Amino acid sequence: MPLDIWSETEDFLSLLLCPPDADLERAVRVSDQENLPPISVSALQGKQISLLASIAGASRILEVGSLAGYSALWLAKALPPDGRMVTIENNPVHAAVAAGNIRAAGLADRVEVRVGNAAEQLALLVEENVEPFDFFFIDADQHNNAIYFESCLQLGRSGSVIVIDNAVRSGEVCNVDTPNAAVRATQRVLELVGSAEHVDGVVFQTIGKRGHDGMLVTRIR
Ligand SMILES: C[S@@+](CC[C@H](N)C(=O)[O-])C[C@H]1O[C@@H](n2cnc3c(N)ncnc32)[C@H](O)[C@@H]1O
């Protein structure tokens, strides 16, 4: 696998397309200091979802899986000043680090970190009948992706964009006999998207530092 050239290319592109940002750099630093796992999106991936949110004209964003708030910061920076974002995290340590990084970036007025199990929190938001979200980023425990996707469909509106990370996993997604529950969940979402009339989608395959993967980008019709 030519990981070196993928990684070098990602560094080159990040240097050109992701200008230094003190808030994002702090988030990475604090995440390391607090020993959180290094499993956030890369800078280039952060820019990809941030740009997608901008293209979608998103003023309400929902994220599943905050970790240290790195992708949340990328997304929050795409919001207009009166925009709102909710990010859901079940690990209280991760949630506290995320909230700290969001506060330090001066974005606490528009980003709410909800601490709790994502399926439960999403069900609560449905119950609360909140204003529809324009953009969703799902990046938590992947074996629950199908549940999260269904909830996001309920929390969106016509035109809302739902993005799911890690949709390819080195091509394992093609293995119809995979024993991996995370991959099976993604396969279920792909089947749903491929057959549903009310949602359209495609996978953007990615190669880079984190190997071969992809983002499933869908839109409610
Ligand atoms: C891959 S990390 C998220 C990375 C983050 N989106 C970023 O790129 O900066 C996944 C996060 O989801 C959280 N998580 C896992 N299962 C969850 C669940 N059932 N409900 C809520 N959060 C969960 C984990 O604690 C972890 O912080």
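At what angle do helix H2 and helix H5 pack, and how far apart are their axes?

**Entry 1: ground rules.** I am working on a predicted model, where local features need pLDDT of at least 70, side-chain atom pairs count only at pLDDT 80 or more, and totals for chains, interfaces and linings use all residues. I number residues from 1 along each chain as its sequence is written. I take helices (H or I, at least four residues) and strands (E, at least two) as DSSP runs, numbered from the N terminus.

**Entry 2: H2 and H5.** I looked up H2 (residues 22–33) and H5 (residues 92–104): they pack at about 155°, and their axes are 10 Å apart. Axes are lines fitted to C-alpha atoms, for helices over the stretch in contact, with angles from 0 to 180 degrees between N-to-C directions. On the H2 side I find Asp23, Arg26, Ala27, Val30 and Ser31 in the contact, and on the H5 side Val97, Gly100, Asn101 and Ala104. Contact means C-beta atoms, placed from the backbone, within 7 Å. By class I get four nonpolar, three polar and two charged residues (nonpolar: Ala, Val, Leu, Ile, Met, Phe, Trp, Tyr, Cys and Pro; charged: Asp, Glu, Lys and Arg; polar: the others, Gly among them).

**Entry 3: H7.** Next I checked burial in H7 (residues 145–155), where Asn145, Tyr148, Phe149, Ser151, Cys152 and Leu155 are buried. Buried means 20 or more other C-beta atoms within 10 Å of a residue's own, exposed 12 or fewer, and partly exposed in between, with C-beta atoms placed from the backbone. Down the axis of H7 the buried residues fall within an arc of 165°, so they line one face of the helix; the arc is that of the directions from the helix axis to the C-beta atoms. They pack against strands S1 (60–64), S4 (135–138) and S5 (161–164), and against helices H6 (118–127) and H8 (181–195).

**Entry 4: H7 and H8.** The axes of H7 and H8 cross at roughly 35° and come within 8 Å. I list Asn145, Ala146 and Phe149 of H7 as meeting Ala185, Thr186, Arg188 and Val189 of H8.

**Entry 5: positive phi.** Asparagine 35, not a glycine, has a positive phi of about 60°. I place asparagine 35 in the loop between H2 and helix H3 (43–55), and it is exposed, with 9 C-beta neighbours inside 10 Å. Serine 170, also not a glycine, has a positive phi of about 55°. Serine 170 lies in the loop between S5 and H8.

Technical notes:
Two residues are in contact if their C-beta atoms, placed from the backbone, lie within 7 Å.
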